[in-house]
Structure formats: structure tokens, C-alpha cells
Amino acid sequence: MDSPSHGVSLFFLFLTLFSFPPFSSASLRRNPLPKSPSSTSTAASSQINSNSILVALLDSHYTELAELVEKALLLQTLEDAVGKHNLTIFAPRNEALERELDPEFKRFLLEPRNLKSLQTLLMSHIVPKRVGFNQDRSSSPVRHRTLGDSHLDLKNSDSGKIIVDSAEIVRPNDVVRPDGVIHGIERLLIPRSVQEDFNRRRNLQSISAVLPEGAPEVDPRTHRLKKPAPSVPAGASPVLPIYDALAPGPSIAPAPAPGPGGPHHHFDGERQVKDFIQTLLHYGGYNEMADILVNLTSLATEMGRLVSEGYVLTVLAPNDEAMAKLTTDQLSEPGAPEQIIYYHVIPEYQTEESMYNAVRRFGKVRYQTLRLPHAVMAQEADGSVKFGQGEGSAYLFDPDIYTDGRISVQGIDGVLFPLEEEKAPEKKSNSALKVATKPRRGKLMELTCTMLGAFGQDSHFSSCL
């Protein structure tokens, strides 16, 4: 009974072996294992071909546009976009960006705090699909969405020219690559949001110096409210001195200033302080200063409340190299970081131009700081502005990092400390020595004492003792 079952099992075993094809390494090479979709997409996005449209843009004659793309930190974003779909770039001529563009608007785009505006402007020139002009196009406009979530309208004019929004395409299909195409246009396309942001910065509408209504008048001697006074003209300075509006103590619990407040909130100090701290981070080299303002202390909140109350500030920001030279003893004492920053904040609005003109005209200028009663000395040195004296001096290294009409940030290459007065104890010791010394006798008195000493009578006179 066991032998037939054993023979059937052997029969099925041989049938299984000979019915399937042999499994070898050659079959693996002919039919490799399928890759997962995530790995293929990652490899495609991480590898940029030398024949890519991005490489062609950087090597093309549109050098001004390529430089703006690098300054806007958009290379990684465009690499990810070209790995997913083709790109169509509408590139302005170099002349349009060099000579025909408003210099003030170009300066606005290149400021570190306006990085988002520059990115929005450049992304509005890029369409995430291929748009060619080999075929005849109808006169009706065709709308395309850009990478900046805006729209571009393409149409043919009556004269046969191709128009994209308000610019003419002067060199269609100028650079053609497998993953995209570049069309040359006559001038820069400016989105409405970027234009409005530029107008707001230029006209200072959001930070116009208008005194809020209902500001109380405070007697600076008694620090008490007076009776309501007549209306204050627009642009007047706050009623309280900035030192009285500071928080009590080393910025432990910032207190709102008693005036000039109001229900309209014309000044958004917290937004402006946040804006200039983000500018420091984008600018690079001032991370330690931003860390002290935000994490180590609550000075950022206090500065925001001061600006909201109508005060203006100029911050002398030491760079990271200078902050790295601070010792543990200088920062370990209670309130030491606050006192260091207070000495670098001037309760005035000063720019690089205004400070340099002042030191050129007056030689040395003293600026009061928030660390009373110490002031920082400024003078001209090597064509720049030098703060402090001796070894503890610092030069104006990065001028006008941030200027918005209320807050001005100037980068310096050193940490400033007030000069300590060390001459007082020396004066006291000298006066004590003068009291201890005896008065000097004249020559006639010495001769008289000598003669009396010869006769033994010098002891009767106190002057000869």
C-alpha cells in the first residue's frame, strides 16, 4: 500500500520541476525586478541632465535673469519642478534689467527683506508646461498658470506680434531643450502684488509717522497724566521719553508704554521687529544676535511694543564672529545679555548715510543708548564709521541691513562696551597722601633751627621739631 503512494508523489515532483523554466541570473538580467514609484521619482528629481533647460538658462545670454534666480534661492525649487514637468521660461533681455529697469525698484528687489517679492516676480515668468510658437495661434488670448500661482495671457496682436501680458516676445523659441523652452521678451513682467508691495515700501504707507488719536500727555517730572491737551500735529514724537517707556528691570516682563497709545494701532511694531529679525537670518552672519533677541531674552517683544507706541530705534548688530568672542563671564551675570543689547540700541532713526555725514561734519558724535547713562562715540575712520574707542571699537561693516522708517539695523564687526571710570579711587589715595605729608620749611627757618640746636634751645620751638 505504501509503494503506489510513494510512486505518485515522485511523479508529481518530476512534473513540477520540468514544467517551470529554469531560474537563473541571466533571467534576472533580462527581467529585472520592478522599482517602486517613489524611488524612480526621487532619482529623476535628484538628477539634472546637462542638457536641461536650467543648465541652458545659467549658460545662456540671459545672464541678468540667471543672476536673479541664484540670488532668489530658487535653483532647488526649479530643479524639483523640472523633474515633474516641462518648463517654459519667459526671459527678459539683459538691457531691460540693466538700464531700462527703475533703479529704485531694482534696489527694492535685491534687499534681503524683500526676498519673497523677488521670488514671486521670478516665478511669474515660468509656466510649468511647454508652450511653443511653431504653430499658428488664434487672436484670442490663452491663459496659463505660472509657478507663482499667477496667470499669463498669450495672444497675437494685429501687427502679428506675440504678446505675453504687457511684453512682446522678441525671440520665440530662443533656447529649446527636451525638458523646456526659453522665450525672450522685451521687458520684465511685474505682478500686481509685487508692485503694490514696492509702492507700500516707497510711500511708507504702513509705517507713516501719524500720531494715534487720544494720546495722553504726561508730565515728565511727576510721570502723571495731565489734563487733555489740544490736538497734537501729525508726526510729533511720543510724549514720554523712551527710557520711561522701557520695561521695568532687565526685560523680564515688558510693560506697555503709557503713551501715545490709541485704538487705531497705526504702528505694528511686532510685525516690524519680526520682519527685521527674519532679515538678519536671511542676510546671514547675524544668527547669534537674532538668537539673543528672541530666545535668550524677551527684547524682541519689548522692542515691538516700543515701536508700536511710536518710538524709533537704530540697532547696531554685531556679527557672529564678534559675538563668538564673548566670554562666559560676560554673559553669566543676571541681566548681562540685556545690558549688552541695550548699549547697542540707539533711540533715534539713523542710517549709514546720516551717521557718516554727521561724523564727517562734526568729527566725533555721541549717540545716547538705552543703557543709561552711557553713550556710544562715533567718528570717521578709513572712510567708514567707527564706534567706541581703543581696543573695544567696532566698524560699520554691513550698512543698512534693514531700514523701514521706524527701525534701522546696521551691522558692526565688534561688540561694544561702555568705558568704566577708574580714576576716582586714585584721586582719594592722592589726597590722603597730601594730608599725611608735613609742610616744607624754608631755608631761613632751617638755618635758625640749626643755630638754636647748637645752643640746645631747639626743643622750645615747635617749628624745629
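1. Elements that cover the buried residues of helix α18 include the strands β10 (364-368), β11 (375-381), β12 (384-387) and β14 (407-412). Covering here rests on contact, meaning heavy atoms within 4.5 Å. Helices (H or I, at least four residues) and strands (E, at least two) are DSSP runs, numbered from the N terminus.

2. The model is predicted: local features need pLDDT of at least 70, side-chain atom pairs count only at pLDDT 80 or more, and totals for chains, interfaces and linings use all residues. Residues are numbered from 1 along each chain as its sequence is written, and side-chain values use heavy atoms, with hydrogens and water left out.

3. In α18 (residues 352-362), the buried residues are M355, Y356, A358 and V359. Seen down the axis of α18, these residues fall within an arc of 160°, so they line one face of the helix; the arc is that of the directions from the helix axis to the C-beta atoms. The face turned away from the buried side carries the exposed residues E353, R360 and R361. Buried means under 20% relative accessible area, exposed over 50% (1.4 Å probe, protein chains only).

4. Just after α18, G363 takes a positive phi of about 85°.

5. The axes of helix α12 (residues 269-283) and helix α13 (residues 287-296) come within 8 Å and cross at roughly 150°. Axes are lines fitted to C-alpha atoms, for helices over the stretch in contact, and angles run from 0 to 180 degrees between N-to-C directions. The two helices are therefore roughly antiparallel, a term for angles over 145 degrees.

6. At this pairing, F276, I277, L280 and L281 in α12 meet N287, M289, A290, L293 and V294 in α13.

Technical notes
Parallel < 35°, antiparallel > 145°, perpendicular 65-115°, else oblique.
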